[in-house]
Amino acid sequence: CTTLLGMPLATTPLMKALTGMEMLLKALHDWDRCAHRGVAVKDNIKELSDIVLRWRRLELLCWPHIFTTKQKEWDSKARRWWYDFYTLVHIATFSGSKSDDDVVKEV
């Protein structure tokens with residue numbers, strides 16, 4: 001609990017804070033199971049569970065966007081190497097009787 005409270009909200013990744021909240025939720029469930037009814041925390045557990053559930057749903061909704069963004073990033077990196085790769089294949093294909101070492105030196 002003190003670790004979660006000590007996290008700077010502005011710079012802590014959301015999933016790290018969410019993991020901390022899930023650990024707190026587990027501790028609250030353990031407390032509620034063993035504690036006297038007068039010190040039960042059922043209401044707090046419900047509120048925290050709703051927040052964790054909402055954030056996990058948000059995470060799942062973001063996955064397709066993350067995959068699309070990563071695919072665009074990989075495509076961009078691949079385009080940078082395309083000309084070099086094409087040149088290498090072209091030289092290797094049309095070099096005739098040159099050895100592999102000679103082809104590599106040309107590139």
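Glu59 is partly exposed, with a relative accessible area of 22%, where partly exposed lies between buried (under 20%) and exposed (over 50%), for a 1.4 Å probe and protein chains only. The model is predicted, so local features need pLDDT of at least 70 and side-chain atom pairs count only at pLDDT 80 or more, while totals for chains, interfaces and linings use all residues. Residues are numbered from 1 along each chain as its sequence is written, and side-chain values use heavy atoms, without hydrogens and water.

Glu59 pairs with Arg56 in a salt bridge, defined as a side-chain nitrogen of Lys or Arg within 4 Å of a carboxyl oxygen of Asp or Glu. Both residues lie in helix α3, 3 residues apart, about one turn of the helix; helices are DSSP runs (H or I, at least four residues) numbered from the N terminus. Arg56 is also partly exposed, at 25% relative accessible area.

| Salt bridge | Closest N to O | Relative accessible area |
|---|---|---|
| Glu59 and Arg56 | 2.7 Å | Glu59 22%, Arg56 25% |
| Lys26 and Asp30 | 3.4 Å | Lys26 53%, Asp30 29% |

Salt bridges that share partners join Glu22, Arg56 and Glu59 into one network. Lys26 and Asp30 both lie in helix α2, 4 residues apart.

Asp32 also lies in helix α2. This residue is buried, with a relative accessible area of 15%. Leaving aside residues up to four places away in sequence, Asp32 touches Ala40, Val41, Lys42 and Ile45, a contact being heavy atoms within 4.5 Å.

Helix α3 spans residues 42-94 and contains Trp63, which is partly exposed at 37% relative accessible area. Together with Leu60, Ile66 and Phe67, Trp63 makes a nonpolar surface patch of about 430 Å². Such a patch joins nonpolar side chains (Val, Leu, Ile, Met, Phe, Trp, Tyr) within 5 Å, from residues with over 30% relative accessible area and no salt bridge.

Overall, the protein has 4 helices and 0 strands. Buried residues make up 15% of its 107 residues. The protein exposes about 9200 Å², of which carbon and sulfur atoms supply 64%, by the Shrake-Rupley method with a 1.4 Å probe.

Note on methods:
Patch = residues over 30% accessible without salt bridge, like charges linked within 9 Å, V, L, I, M, F, W, Y side chains within 5 Å. Helix = DSSP H or I, 4+ residues; strand = E, 2+ residues; numbered from the N terminus.
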